[in-house]
Amino acid sequence: MTKRHVSLPADAEEGLRTFIDEVDRRLSSDESTCEVVEDVLIDLHGDRDAYERWQTGGDVSPAERVRLQGYDPCNSTLESEYYAEKDEDAFEQSKHLQWLWRQFDATPMADNVEFALRFRRMLADHLFESCGENCRFFKGISFTYGHNISVGDNVVVHDDVHLDDRGKLTIGDRVSISDGVHIYSHDHDIVDQTEVENFHTIIGDDARVTYDAMVRAGVRVGENAVVGARGVAQSDIPDHHVAVGMPAKSVRVKPGFEDVAEPLDADHADDRESRRIPYDLPNDIRRFDEFQRDLDRS
């Protein structure tokens, strides 16, 4: 037993539950998601009086105006908004929810663990493609879109994790993802880094990706496998194996699983290439290189 149950005082519990249920109800309704997010953030940041003053034509400083406008996700941009191949319709919804998740994490309430875990779990139902029961999402988690993520039951994602779903990301049941982990589903061409390849990345049931590790796009971390601290999983990790290093290599089979795991010295298959996700870009899209290089030179 590594954890103990903690409960809030009754009044705090009632207030928490009432607030989360109300936001959940509004996000599930026909109400504009953009308007719900703006309204919730204004109150979470304690800015209702200044907002009403601004809306009724009162004086606000340039800094106040920028701050108040920023509660509306339609007045913000995210890095993923610039990605050429994104699904515009799906992103319009997920952007608003991702803005709420990120800006909630900027409030003091994000340090109230019981409140924050339950609020993020509620948001996951609206943001992710799917999310199972009893999941725990800690502070500082970032996503590319959010809508290409599927999460199983009883998953724990710790602080400052990046879950890239530019391609597709599937996380199985009872997975533990430690602080500082980066899991990718897209790669860049080694010559032309504006050329992006998307993949389906899979973290199997009962797997652990430990502190500061990285999983490359398209890799499958097998069931009950472990990627050791600061390991870089460049290729598939077999079920029940422990992989460490840069690049991560299998160094042992978890005790008790020797009869069902692939032998340590076997030629382990790497099916990463089969998880590539093709996509098409609009014919009229304008090619853009943020480094202003001439990529068409002979």
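This report describes aromatic ring pairs and charges over rings in a predicted model.

## Basis of the model

Local features need pLDDT of at least 70 and side-chain atom pairs count only at pLDDT 80 or more, while totals for chains, interfaces and linings use all residues. Residues are numbered from 1 along each chain as its sequence is written, and side-chain values use heavy atoms, with hydrogens and water left out.

## Aromatic pairs

Rings of Phe, Tyr and Trp (its six-membered ring) pair if their centres lie within 6.5 Å; planes under 30 degrees apart are stacked, over 60 edge-to-face, and the rest tilted. The count by this rule is 13 aromatic pairs. Trp101 and Phe137 are edge-to-face, because their ring centres are 5.8 Å apart and their planes stand at 65°. Trp101 belongs to helix α5 (residues 88-104) and Phe137 to strand β2 (residues 136-137), so this pair ties together parts 36 residues apart in sequence. Helices (H or I, at least four residues) and strands (E, at least two) are DSSP runs, numbered from the N terminus.

Trp101 is buried, with a relative accessible area of 1%, and Phe137 is also buried at 1%. Buried means under 20% relative accessible area, with exposed over 50% and partly exposed in between (1.4 Å probe, protein chains only).

## An aromatic cluster

Phe19, Phe104, Phe115 and Phe119 form one aromatic cluster. Within this group, Phe104 and Phe119 are both buried.

## Charges over rings

A charge sits over a ring if NZ of Lys or CZ of Arg is within 6 Å of the ring centre and within 35 degrees of the ring normal. The charged end of Arg166 sits over the ring of Tyr83, 3.6 Å from its centre. Arg272 lies over the face of Phe199, at 4.2 Å from the ring centre.
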